[in-house]
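I opened this notebook to record what I looked up about aromatic rings and the nonpolar core.

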Amino acid sequence: MVDDTLLEAIEEVAAASSTFLTGDPEPFKALWSHADDVTIFGGYGRSRRGWAEVAPRLEWASARFRAGSVTYEPLAVGSTGDLGYAVGIERGRATVVGHDEAGDIALRVTHLFRREGGRWRVIHRHADHNADDLLAPEDVLVDVAAPR
């Protein structure tokens with residue numbers, strides 16, 4: 001059985017992911033733990049560890065977008081004690097800065113959560129779009145070769 005409050009946290013992450021694609025990372029950042037052990041393997045191909053590195057990376061990635069929205073398709077959810085996870089697909093359309101037209105987005109995403117102060121917080125995100133079952137390589141919206 002999955003904790004109902006974890007399901008609510010997953011819904012909040014899904015909603016904040018669409019706001020993220022408008023260039024506003026703040027609602028998404030607000031759902032994260034600010035601990036030194038948080039990690040991200042972002043859709044743009046870089047990994048970061050610790051809130052001091054993850055927060056600026058989220059801001060950088062969100063600034064790459066100027067419009068868009070995604071829906072979340074859950075594949076698996078679970079929790080035990082103060083740890084939880086969600087695995088799913090984010091699908092939608094977004095307009096990247098420097099482009100006039102929106103393109104399709106399809107990401108395989110994994111979120112890990114930890115309960116902190118009675119509230120579920122994201123402690124890890126892994127997103128990638130290198131999945132044959134999501135989009136063909138020529139249909140991928142963004143180039144993962146991001147500056148270091």
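I began with a definition: a charge sits over a ring if NZ of Lys or CZ of Arg is within 6 Å of the ring centre and within 35 degrees of the ring normal. I found the charged end of arginine 57 over the ring of tryptophan 60, 4.2 Å from its centre.

I note that the model is predicted: local features need pLDDT of at least 70, side-chain atom pairs count only at pLDDT 80 or more, and totals for chains, interfaces and linings use all residues. Residues are numbered from 1 along each chain as its sequence is written, and side-chain values use heavy atoms, with hydrogens and water left out.

I next looked up ring pairs (Phe, Tyr and Trp, the last by its six-membered ring, with centres within 6.5 Å; planes under 30 degrees apart are stacked, over 60 edge-to-face, the rest tilted). The count is three aromatic pairs. Phenylalanine 28 and tryptophan 32 pair edge-to-face, at 6.1 Å centre to centre and 75° between the planes. Tryptophan 32 and tryptophan 51 form a tilted pair, at 6.2 Å and 35°. This pair links distant parts of the chain, 19 residues apart: tryptophan 32 lies in the loop between helix H2 (26-29) and strand E1 (39-41), tryptophan 51 in helix H3 (residues 51-62). Helices (H or I, at least four residues) and strands (E, at least two) are DSSP runs, numbered from the N terminus. Ring pairs join Phe20, Phe28, Trp32 and Trp51 into a cluster.

Are tryptophan 32 and tryptophan 51 buried or exposed? I recorded both as buried, that is, under 20% relative accessible area, where exposed is over 50% and partly exposed lies in between (1.4 Å probe, protein chains only).

Last, I looked up the largest nonpolar core, which has 33 residues; such a core is a set of buried Ala, Val, Leu, Ile, Met, Phe, Trp, Tyr and Cys residues joined through side-chain atoms within 4.5 Å. Among those with the most contacts inside it are Phe28, Trp32 and Trp51.
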